[in-house]
Amino acid sequence: MSMTSTLKKDFMDGIRNYKFLIIFAGFMFFALLTPIMNKLVLPGLLKSQFPGMDQETMNSMLVTTQIGNIRGYLGDIFEIGMIIVSFTFCGAIAMEIREYTLILPVCSGKRYSEIILSKMIVFGLSLILVTTVSILSNYLYSGILFGFEIDGVIPVLKAGILQGLYMVFILSVIVFLGTLMRNQIIVGLLTLIFAYVSRLLGNLLDINGFTPAGLLIEAEKLENGSAAGLYITTAITIGLIVVFVAASILKLRKTDLTRR
Amino acid sequence: MINVRGLNKHFGNFQALKDVNLNVEKGDIYGFIGHNGAGKSTTISILTGLAKADSGTCIVNGKDACKTVNPSDLGIGYLPEDPSFYKWMTARETLIYLLESSGKKNNPVKINEILEWVGLEESAGRKVGGFSRGMKQRLGIGAALINDPQLLFLDEPSSALDPEGRGDVLRLIKDLRDMGKTVFFSTHILSDVERICNKVGILVNGRIVKEDRLEVIQEENILPIYDIETDIALKNNIVEDIEKLKCVKKVQTFDKRIQVLTESHECGKELYRFFSDKDLNVVSFNLRKNDLEDIFLEEVNKK
Amino acid sequence: MLPEILTTEIVLMLLPLVAIQLGLMVFCLVKIFKEGVENLSKGLWALIVICINLLGPAIFLIVGRRKDLK
Ligand SMILES: Nc1ncnc2c1ncn2[C@@H]1O[C@H](COP(=O)(O)OP(=O)(O)O)[C@@H](O)[C@H]1O
Ligand SMILES: [Mg+2]
């Protein structure tokens, strides 16, 4: 009964505070924008800037394939979608502690594990749903404009779910940072820095296959089937999510919720 | 119901609680008095199991609150100093959520009873974010009662409210007393304590300086001074006659009012007889008492 | 910009994008002037919502919306 009520409450929070709306609108916006930009706006721009350019040179500078479009969209999401996700959910735990809203539920019998798990489930599922629906829209749009070239919808679905899983990992980072500090803006900024720096380091050291960012790289391949490396990346990501969630529960248990 | 022995609490180098001892029995309405920063909230957050003490034992409802991990295991109700709810939930949703947090099923009859009791039935569908301070306080008292606890901790329930809001809250506490609940509440408004408490503890800078039944404290602090007012100023010879009474030590006159210092308040009878024998018209006749305010200030100044 | 490209099909495809943009903007503007704001002034929030694509309304809904209402 208690867990159901927590899930219901976090769902209501997502709706009434427009969290679902913001991430849905944000992801969909980029999903629909990239193909249109690539088909309509950018060629026109190039043409007006360099009137004498021949078609071949132009094509080499533009995205002209469906796969290119989906990759572009995935890249946009890592850059800007991450900002939206970080700042939409940065208050998940930080604000509850800062505004003392956990005191009464905890006094009434709410367990710390329920509080954390419910947020992970409700917001995590919403992220996976949004990334999947958005990438499918992007697939459809870019297919209509550039022609369908991917073998079926499965690789696209897979890419959406992998991207979603990466976002769930980011959510676990947000939740964990929220148990450490009360300022949600700082939580959001640190999450972003963490995501960008860890991907950069992963690139430099060539270890992305062993970090959650590897999921994004795998998603961009848009391949059917799954390489052995993908299982390792997925296992590591899920392992890290479990670690962050467990650490958050332990930290919250030790936190003095009444501290002014 | 509450038995606290040798409670200590530090914040860094600052010692917020120093060897605090408290004793609250079943059915008591206990007034926990102290000025701002005395350590009242700190004590309550330890007794509710939300914060940890450095040392000491605190038996609350038969369990050691200093050792419990889950505050809900203590079976108490708690109203924080500034109760926080989700601003985006309605009052009714808030109570349902808190009821379900304890693992129970939603019980609309009970929720309605509580809403009605705290006078929020009309605002039950409004978002708590738009509530006034007094409404939030009443919702908080309702929330504290959601699991039918026998013991309630109320942290400054009336302090931040206007007179009307304070009256509402005091009425609710009286109801709690009539329901047979034990209430431990902190405040710095002493007239509230005098109106509803039967036991008080005075906390000064983290130390309990006095703890007793209210009537015992009041008894101890009755002064053997009578303030008597007459319709016309008393003549000098009458004042001298009063001074000659056996139990009277000293008389001071202030126009129509005199102040009589006596040996004990047994003297009231003789003074009364004196005035009626002389056929003087007494307008008022008062035994002067120290009120809680004076007692409190006296204790604070001793330190 | 390039009217010859704007076939009915393309216009239909543009519609959802415009709906997201305009929908969010109008939704936020109505909230700003009907319910009030937090942290910044009404005018400033309106400017942010109108000028900053997508992120403007998102920021407004997260930090600018009045929460002590209704
Ligand atoms: N988290 C904290 N860190 C440092 N000092 C604190 C903390 N909480 C309370 N204090 C100090 O402890 C003292 C008692 O505070 P409190 O219990 O809130 O007093 P009261 O409720 O009686 O007004 C105050 O001097 C306060 O500054
Ligand atoms: Mg206090």
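Residues are numbered from 1 along each chain as its sequence is written, and chains are lettered from A and ligands numbered from 1 in the order in which they are written. Because the model is predicted, local features need pLDDT of at least 70 and side-chain atom pairs count only at pLDDT 80 or more, while totals for chains, interfaces and linings use all residues; side-chain values use heavy atoms, with hydrogens and water left out.

Chain A is helical. Its secondary structure comprises eleven helices and zero strands. Helices (H or I, at least four residues) and strands (E, at least two) are DSSP runs, numbered from the N terminus. Along the sequence, the pattern reads α-α-α-α-α-α-α-α-α-α-α. The C-alpha trace of chain A spans about 70 × 40 × 35 Å along its principal axes. Of its 260 residues, 55% count as buried. Buried means under 20% relative accessible area, exposed over 50%, and partly exposed in between (1.4 Å probe, protein chains only). The accessible surface of chain A comes to about 10,800 Å². Carbon and sulfur atoms account for 70% of that area. Accessible areas come from the Shrake-Rupley method with a 1.4 Å probe; for residues, only the protein chains shown count as cover. Chain A carries 20 positive and 16 negative side chains. The centres of these two sets lie 15 Å apart. Lys and Arg count as positive and Asp and Glu as negative, with His and the chain ends not counted. Each charge is placed at NZ of Lys, CZ of Arg, CG of Asp or CD of Glu.

Thr191(A) lies in helix 9 (residues 184-205). Its relative accessibility is 0%, so Thr191(A) counts as buried. Leaving out residues up to four places away in sequence, Thr191(A) touches Ser86(A), Ile170(A), Val173(A), Ile174(A) and Leu177(A). Thr64(A) occupies the loop between helix 3 (55-61) and helix 4 (66-89). With a relative accessible area of 39%, Thr64(A) is partly exposed. Under the same exclusion of residues up to four places away, Thr64(A) touches Asn59(A) and Phe146(A). Thr64(A) and Phe146(A) are 82 residues apart along the chain, yet their C-alpha atoms are separated by 6.7 Å.

In chain B, the magnesium ion (ligand 2) is coordinated by Ser41(B) through OG and by Glu81(B) through OE, at 2.0 to 2.5 Å. This pair links distant parts of the chain, 40 residues apart. Ser41(B) belongs to helix 1 (residues 40-47), whereas Glu81(B) lies in the loop between strand 6 (76-79) and helix 2 (91-101). Donors are N, O and S atoms within 2.8 Å of the metal (3.2 Å for Na, K and Ca); water is not among the atoms, so sites may look incomplete. Ser41(B) is partly exposed, at 25% relative accessibility. Glu81(B) is also partly exposed, with a relative accessible area of 32%.

Backbone geometry picks out two loop residues of chain B. Most residues other than glycine have a negative phi. Asn61(B) is not a glycine, but has a positive phi of about 55 degrees. Asn61(B) is in the loop between strand 4 (55-60) and strand 5 (63-64). At 25% relative accessibility, this asparagine, Asn61(B), is partly exposed. Asp148(B), likewise not a glycine, has a positive phi of about 50 degrees. The loop holding Asp148(B) runs between helix 4 (133-144) and strand 7 (151-155). Asp148(B) is partly exposed, with a relative accessible area of 48%.

Chain C has three helices and zero strands. Its elements run α-α-α from the N terminus on. The C-alpha trace spans about 50 × 20 × 15 Å along the principal axes of chain C. Buried residues make up 34% of the 70 residues. Among contacts in chain C between residues at least 6 apart in sequence, 52% join residues at least 24 apart. Chain C exposes about 4,100 Å², with 72% supplied by carbon and sulfur atoms. Its side chains include 7 positive and 5 negative ones, and the centres of the two sets lie 15 Å apart.

Conventions
Contact means heavy atoms within 4.5 Å.
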